[in-house]
Amino acid sequence: MAKKLPKRDLEFFRNLLLEKRSRLSGNLTSVSKSAEGAATGSGDAADLGTEASETETLLSLLENNTSALREIDKALERIDEGTYGICDVTGEPIGRERLKAIPWTRFSIEAQRAMESGGSVGLDRGSA
């Protein structure tokens, strides 16, 4: 089994995740309010297409933020479980720089690239 991150690093990443979670939660509230405002538009036929497009964009942002919040919550759970920073595919540590860039990631850069190209990397931890 891969070596776990030191406690100091786990606290760093917990704080980073909580900060990003807080920022996304604020964005979520703002986007939700904007989407509500766009949905109650003027009713002018000339503006309907623009309003529909804006609403679609806002709903997409809302979905993306909600998805990111779920991933952040799962990463915080992995910290509590002691599995944070370990690739779900290879079982090897995820690079610190990758975790800094995408602290909720579950995959090493190698595993991510292999999945995106349709290849395979190492053994899945579940079958090892």
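Which residues touch the most other members of the largest nonpolar core? Keep that question in mind as you open this predicted model and start the tour.

**Stop 1: the whole chain**

Show the protein chain as a cartoon. Of the 128 residues in the chain, 30% are buried. Look also at how the chain meets itself: among contacts between residues at least 6 apart in sequence, 63% join residues at least 24 apart.

Now colour by pLDDT. The mean for the chain is 84, and 77% of the residues reach 70 or more. Among the elements, helix H3 has the highest mean pLDDT, 96, while H1 has the lowest, 84. Then select residues 124-128, where the pLDDT is below 50. This stretch has eight contacts in the model beyond near neighbours in sequence.

**Stop 2: the nonpolar core**

Select Leu17, Ile79, Tyr84 and Cys87. These are the residues that touch the most other members of the largest nonpolar core, which has 20 residues. Next, highlight helix H1 (7-39) and helix H2 (45-81), the elements that give two or more residues to this core. H2 supplies the largest share, seven residues.

Stay with Tyr84 for a moment. Its relative accessible area is 2%, so Tyr84 counts as buried. What is Tyr84 in contact with, leaving aside its neighbours within four places in sequence? Show Leu5, Leu10, Phe13, Leu17, Ala75, Arg78, Ile79, Leu99 and Pro103, and you have the list.

**Stop 3: the aromatic rings**

Show the side chains of Phe12, Phe13 and Tyr84, which form one aromatic cluster. The structure holds two aromatic pairs. A pair of aromatic rings is described by the distance of the centres and the angle of the planes, and you can check both in your viewer.

Begin with Phe12 and Phe13. Their rings are edge-to-face, with 5.0 Å from centre to centre and 80 degrees between the planes. Are these two residues buried or exposed? Phe12 is partly exposed, at 35% relative accessible area, whereas Phe13 is buried, at 0%.

Move on to Phe13 and Tyr84. This pair is tilted, with 5.7 Å between the centres and 45 degrees between the planes. Phe13 lies in helix H1 and Tyr84 in the loop between H2 and helix H3 (96-101), so the pair ties together parts that are 71 residues apart in sequence.

**Stop 4: Thr105**

Finally, centre on Thr105, in the loop between H3 and helix H4 (109-117). Thr105 is buried, because its relative accessible area of 7% is under the 20% cut-off.

Which residues is Thr105 in contact with, leaving aside its neighbours within four places in sequence? They are Arg78, Ile94, Arg98 and Leu99. With Arg98, the side chain of Thr105 makes a polar contact to the Arg98 side chain at 3.3 Å. Now turn to Phe107: its backbone oxygen lies 3.2 Å from a polar atom of the Thr105 side chain.

Key:
Residues numbered from 1 in each chain as written. Heavy atoms only, no water. Core = buried A, V, L, I, M, F, W, Y, C linked by side-chain atoms within 4.5 Å. Buried < 20%, exposed > 50% of the residue type's maximum accessible area, 1.4 Å probe, protein only. Helix = DSSP H or I, 4+ residues; strand = E, 2+ residues; numbered from the N terminus. Contact = heavy atoms within 4.5 Å. Phe/Tyr/Trp six-rings, centres within 6.5 Å; stacked < 30°, edge-to-face > 60°. Polar contact = N/O pair within 3.5 Å; in protein donor to acceptor, adjacent residues only side chain to side chain. pLDDT = per-residue confidence, 0-100.
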